[in-house]
Amino acid sequence: MPMIVAGNIRKLYLPVIILLVIFLFISDILTGSVYIPFNSVIQLISGKSADNPIWHKIITDFRVPKAMTAVLAGMALSVSGLQMQTIFRNPLAGPYVLGISAGASLGVAIVMLGLSPFFGHVNIGPISNWIQIVAAWTGSAFVLILILYASLRIRNVMTILILGVLFGSAISAVISILQYFSHQTMLKAFVIWSMGSLGHVTRSQLDVLAISVLVGLLLSVISVKMLNAMLLGETYALSMGLNLKLSRVLIFASTSILAGSITAFCGPIGFIGIAVPHITRLFLRTADHRLLLPSVMFTGAAIMLLSDLLSQLPGSDYILPVNSITALIGIPVVVWLILKRNGRFYS
Amino acid sequence: MINTEHNQTATKSLIHLEYIDIGYVRPSSGLLALLNNINLSVKAGEIIGLVGRNGSGKSTLLRTIAGLHHPLGGKVLINDQTVHEISGIERAKLIGYVSTEQIIADHIRVNELVALGRFPYTNWIGTLSDDDKTIIDNAINMTGINELREKNISQLSDGERQKAMIARALAQNTAVIILDEPTAFLDLPNRYHILRLLNELAHIHQKTIIYSTHDLNIAFNESDKLWLIYNGKILEGAPEDLIITKGFHKLFENSDIDFNNNTSEIFMRRTYIGNIHVQGDRELNYWTCRALERLGLLSAGDKPALASVITGYKYNKAFWSLHYMNTIQDFFSVYDLISGIKNIINITKNN
């Protein structure tokens, strides 16, 4: 009997979660410090002009980009977490805990702080967005390769985790040094960025972000079969005919782009990447990435939208940092994982 | 003569190892060769047992034959194709591989695990055709794990997991299956169950099986041919051949154990202390001598007897009477007798 139930959940999960994402998306646009009636929101989303031009501006310039960013961030971070958990065979892997987001931050810091003394703060429009995002990808890929190098030698899951934390701390130290020597105005911009926010993404940044995340997700769809083979470890994957180098390049490119892009524009957002794959697996009880990948994608979007909704404290003017909300959702999942598997990590 | 030639052509070898050197390239210390100049061959449908001491290169040899590790020199040929020159996918259609490596990933069901065996045959996203599904079903039925299909592999016992991994290799539909210590971590009934399965695969389904093991009883009883790693070389032959030529004994050089040719039993070498003469009931004598050997005491030997034991039955109850100097003690179990003999040894030591 439980098998039949599990089978049904496997069939129903994706449609239900997609509906949930749509519902949360609309709710997210409806909430904010200014009250805008439901009908006007629907009118505005469907392209008609509203009675109130300020509402129009709030919706199209602030709330829709923010909700879109939440969806993109949720999808990108959770898929990158899923890929890392599979490729490192480490249930505690994620872009934040293993320092991948920190690597991306370093890339951004070098662009924002390191280069400004030489060139000043010149806004060169869309190109600067691309420079920022490519710097973040490079930073992510750098840490990812370090972690791969370490995990080829060390099997212990916890040791890798500690190494990730150490890499993250070392990178933060470098960023602090950069901050110390940088100009006041740039420093302020960087500090605001580093607090992490979905709401600071501009329209032109959103385009860059959307294109990048789509490319990252496309790469991960292409590597779905490789991810399945990698579940059994590299030796088995090789014995089944997997091209290990090609898979690693594809999956690492995808992970770096996904985690790096979000970090580039939203700042480091923690614990979504590690927690969402586990929440999804808890419902689906499968390791098949053909089902897991789309499910993780939409679960990530739903949880990110929910975090954003919670961060706005309905009925008040305060906006909490979205970082704190994701941490409060994600950390209990990580704690549960460690308690549940206590002992199995030390093999 | 004509007959022999006929036999050779009828059973042409499937796998050839030609002048293989096996080992590792270490960035710091250069080449580390484990086995040198190995020439071996395997016929289709044979089951080969690989034995050797820890660190002798068993796993590396198996990984090399499976194409997962490059030899330092020489060639591995399967069906006249060089294993290390064909593409990964083509190789995966020829050779399946099962190791003892633990699978860490959570939430893999047995179904999904076995389905992964179809990896070399499916399209880019891994869609299973009806043929694939039939092959997966057959693999599951052949290994007898039908009831476990929906189970998470982390819930399986070691024996069940090993069967599931073999089913995955079967779904890969290869002529050759290589297994690295398939009976490690298993209890005795499970070990023989796995071996019976491998035997069926070889002798009924014509799969060629190469497996390594530390269990010499299994290797000796359940292999068509043994490969015995000794001193960087491999001795090859039917298990019985290796016993007749004393090759089997080489495994035990510089070790605490030895092999008894007559009983094909492995026993521990002990320091010889002295003699205790045993006489009486045949069966009781046998078990009594066995227990005495544990103490380093033999029933007949060069030294004068320390004491003598007479075994027999009194009122349907086994008894042992121990004659030492001028005393006689009666015991009613081997355990008590041994305790009595230990006392005597202590007395002689102190004197």
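**Figure 1. The second largest cavity is lined by three nonpolar, two polar and two charged residues.** In this predicted model, chains are lettered from A and ligands numbered from 1 in the order written, and residues are numbered from 1 along each chain's sequence. Local features need pLDDT of at least 70 and side-chain atom pairs 80 or more, while totals for chains, interfaces and linings use all residues; side-chain values use heavy atoms, without hydrogens and water. The nonpolar class holds Ala, Val, Leu, Ile, Met, Phe, Trp, Tyr, Cys and Pro, the charged class Asp, Glu, Lys and Arg, and the polar class the others, including Gly. Helix 15 of chain A contributes the most, with three. The second largest cavity holds about 40 Å³ of space.

**Figure 2. The largest cavity holds about 160 Å³ of space.** Two cavities of 30 Å³ or more turn up when the whole structure is searched. (A cavity is a set of points on a 1 Å grid where a 1.4 Å probe fits but cannot get out, and lining residues have an atom within 4 Å of a point; volume is the space filled by probe spheres on points joined across faces, edges and corners.) The lining of the largest cavity has 16 residues, and those nearest its centre are A:Q85, A:L231, A:R281, B:A105 and B:D106. Helix 3, helix 13 (272-284) and helix 14 (289-311) of chain A give at least two residues each to this lining. By class, the lining of the largest cavity has seven nonpolar, five polar and four charged residues.

**Figure 3. Helix 3 of chain A packs against helix 12 of chain A.** Helix 3 spans residues 53-87 and helix 12 spans residues 244-266; their axes lie 9 Å apart at an angle of about 145°. (Axes are fitted to C-alpha atoms, over the stretch in contact, and angles between N-to-C directions run from 0 to 180 degrees.) This crossing is left-handed, the near helix being turned anticlockwise from the far one by less than a right angle. Among the residues of helix 3 in contact are A:T69, A:L72, A:A73 and A:I87, and helix 12 meets them with residues including A:R248, A:F252 and A:C266. (Contact means heavy atoms within 4.5 Å.) This contact has 13 nonpolar, five polar and one charged residues.

**Figure 4. Helix 5 and helix 6 of chain B cross at roughly 145°.** The axes of helix 5 (residues 130-142) and helix 6 (residues 158-171) come within 8 Å. Their crossing is right-handed. Helix 5 of chain B brings B:I135, B:A139 and B:M142 to the contact, and helix 6 of chain B brings B:A167, B:L170 and B:A171. The contact has six nonpolar, no polar and no charged residues.

**Figure 5. The chains that hold these views are chain A, with 15 helices and zero strands, and chain B, with eleven helices and 17 strands.** (Helices, H or I of at least four residues, and strands, E of at least two, are DSSP runs numbered from the N terminus.) The C-alpha atoms of chain A fill a box of roughly 65 × 60 × 35 Å along the principal axes. For chain B, the box is roughly 85 × 55 × 45 Å.

Note on methods: 1 Å grid on protein atoms, 1.4 Å probe; cavity = no way out; pocket = protein on both sides within 12 Å on 5 of 7 lines; lining within 4 Å.
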